[in-house]
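Please read this report with the sequence and the 3D view side by side.

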Amino acid sequence: EGYTMSDDFSDRSSGWGEYDSDTYMRYYSQGEYHMVQKGEDMSDRALLGNDAENFITEVKARLDSGPLTGQYGILFRFSDDNYYLFGINGRGWFTVKKHVDGKVYELIPLTETYILNKGYVTNKLGVKADGNTLSLYINGKMVRAISDTSLTHGDVGFFVSRLAEEGYIKEQSVSVAFDDFKYGEIS
């Protein structure tokens, strides 16, 4: 409902781009969009290339390999390196952060939820940004709605982070596959 754009990542020219470096890769494969973070305590992203105030979006995300502490999910209202981040990890935790002028604020610290499927499996993430209200969805259920006025518009995309937390193994990169992206602007 309200989605005007979708991408099942079967077409490699659909605009997300492919990239390969020592620390980060992103590529299309077998109808999925893959992001691999190899750099310690590093995060990378892929953006849609759209600027909107209010929108809804959803995507399926699956941790393919790597430490369960790796975070991944949706970036939104991305503008001039300021953005919100809705992330999950393989332990069944989710978080919401905002990055503003180089500072990071935890709007929701890492929180465990039974709604998330743990491990190397698929979860469906959703965001609805309507004015100051940011509603967050996991597997079709709203887990939290928060109010924040910092960022009013911007781009949407995906991110993958590799965090040096407890239980982390130095050599393991975080590999995540995204699928069935949907997006629509709302008035």
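## Salt bridges

Glu 112 counts as partly exposed because its relative accessibility is 46%, where buried means under 20% relative accessible area, exposed over 50% and partly exposed in between, using a 1.4 Å probe and protein chains only. Glu 112 forms a salt bridge with Lys 118, the closest N and O atoms being 3.4 Å apart, and Lys 118 counts as exposed at 51%. A salt bridge here is a side-chain nitrogen of Lys or Arg within 4 Å of a carboxyl oxygen of Asp or Glu, and by this rule the count comes to 9. The model is a predicted one, in which local features need pLDDT of at least 70 and side-chain atom pairs count only at pLDDT 80 or more, whereas totals for chains, interfaces and linings use all residues. Residues are numbered from 1 along each chain as its sequence is written, and side-chain values use heavy atoms, with hydrogens and water left out.

Another salt bridge joins Arg 12 to Glu 18, with 3.0 Å between the closest N and O atoms; Arg 12 is exposed at 55% relative accessible area, while Glu 18 is partly exposed at 38%. The side chains of Asp 81 and Arg 45 also meet in a salt bridge, at 3.1 Å from N to O. Because Asp 81 lies in the loop between strand E7 (71–79) and E8, and Arg 45 in strand E5 (residues 42–47), this pair ties together parts that are 36 residues apart in sequence. Strands (E, at least two residues) are DSSP runs, numbered from the N terminus. Finally, Glu 32, Arg 62 and Asp 64 are linked in a network of salt bridges.

Leaving aside residues up to four places away in sequence, Asp 179 touches Asp 8, Phe 9, Gly 31, Glu 32, Val 59 and Lys 60, where contact means heavy atoms within 4.5 Å.

## The nonpolar interior

In soluble globular proteins, nonpolar side chains tend to be buried together. A nonpolar core is a set of buried Ala, Val, Leu, Ile, Met, Phe, Trp, Tyr and Cys residues joined through side-chain atoms within 4.5 Å. The largest one in this model has 42 residues, and Trp 16, Tyr 33 and Phe 178 are among those with the most contacts inside it. Strand E15 supplies the largest share of this core, 5 residues. A second, separate core of 5 residues includes Leu 75, Phe 78, Leu 85 and Phe 159.

## Aromatic rings

A search of the whole structure finds 17 aromatic pairs. Rings of Phe, Tyr and Trp (its six-membered ring) pair if their centres lie within 6.5 Å, and planes under 30 degrees apart count as stacked, over 60 as edge-to-face and the rest as tilted. The rings of Trp 16 and Tyr 33 have centres 6.2 Å apart and planes at 45 degrees, so this pair is tilted. Trp 16 lies in the loop between strand E1 (5–7) and strand E2 (19–20), and Tyr 33 in strand E4 (residues 32–37), so the pair links distant parts of the chain, 17 residues apart. Both Trp 16 and Tyr 33 are buried.

Notes. Helices (H or I, at least four residues) and strands (E, at least two) are DSSP runs, numbered from the N terminus.
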